[in-house]
Amino acid sequence: MPSYKAPVDDTLFLIRDVFDFDRYRDLPRFAETPIDVVEAVLSEGGKFAEEVLQPLNRSGDREGCTRDADGNVATPKGFKEAYKAYAEGGWMGLAGDPAYGGQGLPYFLAVALSEYIIAANLSFAMYPELTNGARAALQVHGDDTLKRRYLPKMTAGQWTGTMNLTEPQCGTDLGLIKTKAVRRPDGSYAITGQKIFISAGEHDLAENIIHLVLARIEGAPAGTKGVSLFLAPKVLVNDDGSLGERNAVVCGSIEHKMGIHGNSTCVLNYDGAKGWLVGEENRGLNAMFVMMNAARLGVAVQGLGLSEVAYQNAAAYAKDRLQGRSLTGAKAPDKPADPIIVHPDVRRMLMEIRAFNEAARALMLWVALSADEALESPDPAARRAADDRLGLLTPVIKGVFTDFGFANAVKAQQVLGGHGYIEEWGMEQFVRDARVAMIYEGANGIQALDLVGRKLPRDGGRAVMAFFGEISAFLAENKKGAALAPYLAPLESALGQLQQATMWLMRNGMKNPDNAGAASNDYMHLFGLTALGYMWARIVKAVLARQSAGASNEALDSKLALAKFFNARMLPEAGAHLARLASGAEALMALPAAAF
Ligand SMILES: Cc1cc2nc3c(=O)[nH]c(=O)nc-3n(C[C@H](O)[C@H](O)[C@H](O)COP(=O)(O)OP(=O)(O)OC[C@H]3O[C@@H](n4cnc5c(N)ncnc54)[C@H](O)[C@@H]3O)c2cc1C
């Protein structure tokens with residue numbers, strides 16, 4: 001049976017030592033959140049993930065969700081009680097607006113905690129995650145009546161939320177949406193159409209489900225310019241806030257899918273369901289983007305969470321499983337064979353996963369802290385810079401973390417050999433569950449295009465220039481330090497390669513857009529590796545500072561070893577990405593479609 005231990009100490013090291021928590025004191029939410037509150041939230045939340053959610057992960061996978069003839073969906077045994085405990089524990093409203101019953105804690109804390117919840121039980125985590133995204137969209141674009149009516153109960157976890165974009169003919173290209181909205185005399189709309197693949201679309205965890213639905217108002221322009229966003233509850237809400245009649249939206253079926261079996265993925269049929277406009281007519285994508293951006297960060301964390309839990313189980317196995325002898329002589333001569341952790345190739349797999357995990361955790365926190373700054377910094381220039389960073393890095397971490405998340409789950413499975421393929425060890429579930437994160441919330445190919453086509457050129461390249469400037473300034477400031485310098489040279493080289501790739505895109509992407517499309521995946525990964533390398537540099541700086549202040553422990557030494565490994569064996573991949581992308585589109589586009 002797999003197990004999970006929330007890496008609370010590592011998160012706290014990053015918050016305190018690497019990102020210097022006190023530096024954020026000028027942000028109102030941070031001023032009211034002492035570090036001991038951060039510690040308490042992480043350790044209590046970690047315990048909840050380990051003790052309540054993780055034990056339901058495997059049983060939830062095996063049992064899955066079931067739908068009855070009326071379209072009601074039951075979640076696996078234990079999910080209902082766990083959800084009740086989660087909502088009553090206040091975890092749902094951790095970073096929620098106090099005006100609607102939230103605790104008003106910094107956003108980064110909710111993100112840090114979400115890693116533990118996801119690692120323990122991704123299927124469960126998706127119910128609150130989608131609610132958080134729906135809440136964010138309502139908070140920004142909903143009118144006061146909608147906010148007052150829906151936000152308090154969603155913040156308390158009494159009601160959950162969903163996002164309804166996808167239709168049978170419409171996935172990536174949201175301009176193809178057909179679902180219709182017809183104005184009613186009372187100001188509401190009648191929504192008719194079919195949505196597919198809707199996560200948490202129907203379930204028995206909460207008394208109401210608040211669907212945020214993209215639809216086209218009669219007479220709206222074609223394409224994405226004619227798409228509007230609506231709120232359509234599963235159960236209509238009376239003026240006094242009590243629940244009224246069932247709305248005309250039913251779950252037509254649930255998908256039988258590769259993983260995340262504990263999360264209901266639904267076909268939702270809308271048959272004149274009552275809905276209310278969120279934001280302006282025909283500006284639905286703009287409003288939905290708030291939810292999609294929050295969800296993209298959430299899905300990035302899914303890559304990290306699954307990579308971490310898969311690593312923990314593979315590492316434990318590798319220390320225990322006896323096979324063969326070390327190439328340099330027996331390490332456990334009293335036993336019939338050495339534990340497989342002695343073999344370089346087994347270590348390669350474990351080190352690759354862990355060197356990703358620790359830097360990715362740092363990068364996740366840096367991005368989440370940027371979201372806090374973008375929202376609350378009293379300095380307008382700092383707010384703008386943080387917002388630029390958040391926008392630039394969101395597609396990078398969604399695409400890179402989830403690609404690594406799946407690859408790492410497979411590597412961890414490989415550490416277990418044949419046992420990794422057998423259900424009872426749980427590794428094959430991590431592989432299956434990790435796979436979807438590369439697909440939903442904009443498939444990773446679309447993240448790469450978003451980075452290259454939208455985020456790089458935006459505002460004359462201001463965000464990317466600031467990113468380069470930040471790393472260059474860090475290198476200039478630190479590379480004279482004798483202890484730190486050896487860790488920085490590989491980062492400097494990767495940064496140079498990323499800058500060359502950016503120049504290549506500027507020169508070649510405009511004149512032939514296929515060059516940009518063909519380069520996009522390598523560019524996103526080159527970007528991700530450089531950002532992870534920068535995180536390792538900052539981690540090493542913090543470790544060396546601790547050590548020179550007299551601290552010494554195995555965890556600190558491990559971080560230096562992992563940084564060296566990342567620089568020696570993972571960062572060099574940056575050069576391959578550059579070489580591939582600079583070869584242009586020609587080789588990739590050579591075959592005519594008929595030849596495939
Ligand atoms: C388990 C699960 C849960 C989901 N949950 C939700 C949910 O809660 N709400 C919701 O609305 N949707 C949800 N989805 C849908 C998901 O977001 C879509 O599957 C995803 O956006 C891709 O759309 P598609 O499947 O139609 O693929 P397509 O759009 O058909 O894409 C197929 C492939 O072509 C590529 N591609 C498409 N267009 C381009 C282009 N212009 N340039 C380059 N490459 C391109 C894509 O990257 C992809 O690899 C879920 C899906 C799954 C599997």
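Which residue has a polar backbone atom 2.8 Å from an oxygen atom of the ligand? In this predicted model, that residue is Leu-165. The legends below describe the ligand site and a helix contact.

View 1. Leu-165 contributes a polar backbone atom, located 2.8 Å from a ligand oxygen atom. The side chain of Ser-199 places an N or O atom 2.8 Å from a nitrogen atom of the ligand.

**View 2. The shell around the ligand.** The ligand is surrounded by 19 residues, and the closest are Leu-165, Thr-166, Thr-172, Phe-197 and Ser-199. At least two shell residues come from each of β3 (159-164), β5 (189-199) and α13 (444-455). The most are given by β5, with 3 residues. By type, the shell comprises 11 nonpolar, 6 polar and 2 charged residues.

**View 3. The contact of α13 with α16.** Helix α13, which supplies residues to the ligand shell, packs against helix α16 (residues 513-548) at an angle of about 90 degrees, and their axes are 8 Å apart. The two helices, α13 and α16, are therefore roughly perpendicular to each other, since angles of 65 to 115 degrees count as such. On the α13 side, the contact includes Asn-444, Gln-447 and Leu-451, while the residues met in α16 include Ser-520, Tyr-523 and Phe-527. The residues of this contact divide into 8 nonpolar and 5 polar, with no charged residues.

Conventions. Residues numbered from 1 in each chain as written. Predicted model: local features only at pLDDT ≥ 70, side-chain atom pairs only at ≥ 80, totals over all residues. Heavy atoms only, no water. Near = heavy atom within 4 Å. Polar contact = N/O pair within 3.5 Å; in protein donor to acceptor, adjacent residues only side chain to side chain. Helix = DSSP H or I, 4+ residues; strand = E, 2+ residues; numbered from the N terminus. Nonpolar A, V, L, I, M, F, W, Y, C, P; charged D, E, K, R; others polar. Axes fitted to C-alpha atoms, helices over the stretch in contact; angles between N-to-C directions. Parallel < 35°, antiparallel > 145°, perpendicular 65-115°, else oblique. Contact = heavy atoms within 4.5 Å.
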